[in-house]
Amino acid sequence: MNSKIYKSKILGVAAVILLSVIWGTNVPYMKVALNFSGPTDFAFLRNFFGAIILFAILLLLKKPIFIKEAPKLFVLGIFQTAGFTGLLIWALVEGGASKTAVLTFTMPMWVSLMAWPFLQEKLKLFQWVAVAICFLGIIFIFNPLNIEHNVNSTILALASGFCWACGAILSKRIHIKYPKIDLLTMTAWQMLWGSLPLLLIAFLINHEPIIWSYSFLSILCFNAIFVNAIAYLLWFYALRHLLASTVSMLALLTPISGAISAWFLLVEVPNFFESIGFSLILGGLFLLLYLKSREVIS
C-alpha cells in the first residue's frame with residue numbers, strides 16, 4: 001500500500017475515534033441544555049454558529065467561500081445537519097440520553113445496507129456478522145416487550161440515525177463526483193444550509209424563551225466549536241479516505257461513550273436489557289475493529 005494512502009487511512013480511523021468521543025460525551029450535555037432552551041432553538045443555534053466559525057476559518061485561511069458546488073450541498077445539509085441534529089435533540093426531549101445515543105447510532109446499519117447499492121461497497125461475511133451482533137444489541141435496548149413508554153423517542157432517534165446515514169452516502173457520492181472540493185468549505189456550507197430549516201421550525205413552534213445562563217452558553221459554545229465545526233471536519237475527512245461502511249461502523253464508539261457519559265453525568269443507570277444491548281454492541285464493534293484493522297494495514 002502507498003505510504004501516503006496508508007497514512008490517510010490511519011488518520012481517518014483516528015478522526016472517527018476522536019469525533020466519536022466528542023459526540024458521545026456531548027449527548028448528556030445536550031439533554032441538560034434543553035432545560036434552558038427549546039429543541040429547535042438549540043439545534044439551530046449550535047449548527048448556525050458552527051457554520052459561522054467554519055466560514056471565519058475560511059476567511060482567515062484566505063480560501064474561497066463561494067464555490068460552484070455550494071447549491072448542490074443543500075440536500076446534504078438537510079440530511080446531515082437538519083435531519084440528524086433536529087431529530088436527535090427532539091428524541092432527547094422525549095427519552096433518556098443513553099438510550100437515545102444508542103438508537104440514533106443505528107446509523108451504521110443503514111449506511112452498510114445503503115452503501116451496497118449506492119456506492120458498490122459490498123459487505124463481507126464478517127461485516128454481516130458484526131452488523132447482526134450490533135443489531136441484536138439494539139433490539140435488547142429497544143426492549144419491544146415494554147415499548148409503550150418510549151415509542152416516540154425510539155422513532156425519533158431511529159429517524160435521526162437514518163438521516164445521518166443518508167448524509168454519509170450523499171457525502172461519499174459528492175467526494176466521488178467532486179474530488180477536489182475543499183473539505184472545510186463543504187462542511188461550512190452544508191451546516192449553514194442545514195440550519196435554515198431549523199430556524200424556520202423554531203419560528204413556527206412556540207417555545208419558552210431561552211434562558212441565557214452560563215451553563216447554557218458553555219454547552220452552546222462547546223457544541224458550536226467542537227461538536228459541530230471540528231467534529232464534522234473529522235467526519236467528512238474520514239469519509240473521504242475510508243469506506244463509508246467502515247466509518248459508520250467505527251462511529252459505533254459514539255453510543256458507547258454516550259451511554260457511559262449519561263451514566264456518570266445524569267445517573268442514567270442502564271437496566272438489565274440495556275446492559276445486555278450495550279455489551280452486544282460493544283462486542284460487535286470490537287469484532288469489526290479487529291478484522292478491519294487487517295484491511296487497513298494490508
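These legends describe close-up views of one predicted model.

Local features are shown only at pLDDT of at least 70 and side-chain atom pairs only at pLDDT 80 or more, while totals for chains, interfaces and linings use all residues. Residues are numbered from 1 along each chain as its sequence is written, and side-chain values use heavy atoms, with hydrogens and water left out.

**View 1**
The chain has 12 helices and 0 strands. Helices (H or I, at least four residues) and strands (E, at least two) are DSSP runs, numbered from the N terminus. In order from that end, the elements read α-α-α-α-α-α-α-α-α-α-α-α. Of the 298 residues, 54% count as buried. Here buried means under 20% relative accessible area, exposed means over 50%, and partly exposed lies in between (1.4 Å probe, protein chains only). Among contacts (heavy atoms within 4.5 Å) between residues at least 6 apart in sequence, 90% join residues at least 24 apart.

A nonpolar core is a set of buried Ala, Val, Leu, Ile, Met, Phe, Trp, Tyr and Cys residues joined through side-chain atoms within 4.5 Å. The largest holds 69 residues. Trp-23, Phe-42, Phe-55, Trp-189, Trp-235 and Phe-236 touch the most other members. Helix H9 (residues 214-241) gives the most to this core, with 12 residues. Leaving out residues up to four places away in sequence, Trp-23 touches Trp-164, Val-227, Ala-231, Tyr-232, Trp-235 and Thr-254. Another core, of 17 residues, lies apart from the largest one; Val-102, Leu-103, Ile-138 and Phe-278 are among its members.

The structure holds 16 aromatic pairs. Rings of Phe, Tyr and Trp (its six-membered ring) pair if their centres lie within 6.5 Å; planes under 30 degrees apart count as stacked, over 60 as edge-to-face and the rest as tilted. Phe-74 and Trp-193 pair edge-to-face, at 5.8 Å centre to centre and 75° between the planes. Phe-74 sits in helix H3 (residues 74-94) and Trp-193 in helix H8 (residues 183-204), 119 residues apart. Phe-74 is partly exposed, at 36% relative accessibility. One aromatic cluster takes in Phe-55, Phe-66, Phe-74, Trp-189 and Trp-193.

**View 1. The Phe-84 and Trp-164 pair.**
Phe-74 of the previous view is partly exposed. Phe-84 and Trp-164 make a tilted pair, with 4.6 Å centre to centre and 35° between the planes. Phe-84 lies in helix H3 and Trp-164 in helix H7 (residues 151-177), so the pair ties together parts 80 residues apart in sequence. Phe-84 is buried, with a relative accessible area of 4%. Trp-164 is buried too, at 0%.

**View 2. The salt bridge of Asp-182 and Lys-63.**
The structure holds 1 salt bridge, defined as a side-chain nitrogen of Lys or Arg within 4 Å of a carboxyl oxygen of Asp or Glu. The side chains of Asp-182 and Lys-63 meet in it, at 2.9 Å, N to O. Asp-182 lies in the loop between H7 and H8 and Lys-63 in the loop between H2 and H3, so the pair ties together parts 119 residues apart in sequence. Both ends are partly exposed: Asp-182 at 26% and Lys-63 at 33%.

Asp-41 belongs to helix H2 (residues 39-60). Asp-41 is buried yet has no salt bridge. Arg-46, the nearest side chain of opposite charge, is 13 Å away. Lys and Arg count as positive and Asp and Glu as negative; His and the chain ends are not counted. Beyond its neighbours within four places in sequence, Asp-41 contacts Ala-202, His-207 and Ile-210.

**View 3. Lys-62 in its loop.**
Lys-62 is found in the loop between H2 and H3. Its phi is positive, about 60°, although Lys-62 is not a glycine. Most residues other than glycine have a negative phi. Lys-62 is exposed, with a relative accessible area of 76%.

Leu-11 is part of helix H1 (residues 3-33). Leu-11 and Tyr-237 are 226 residues apart in sequence and 8.8 Å apart in space, C-alpha to C-alpha. Leu-11 is partly exposed, at 41% relative accessible area.
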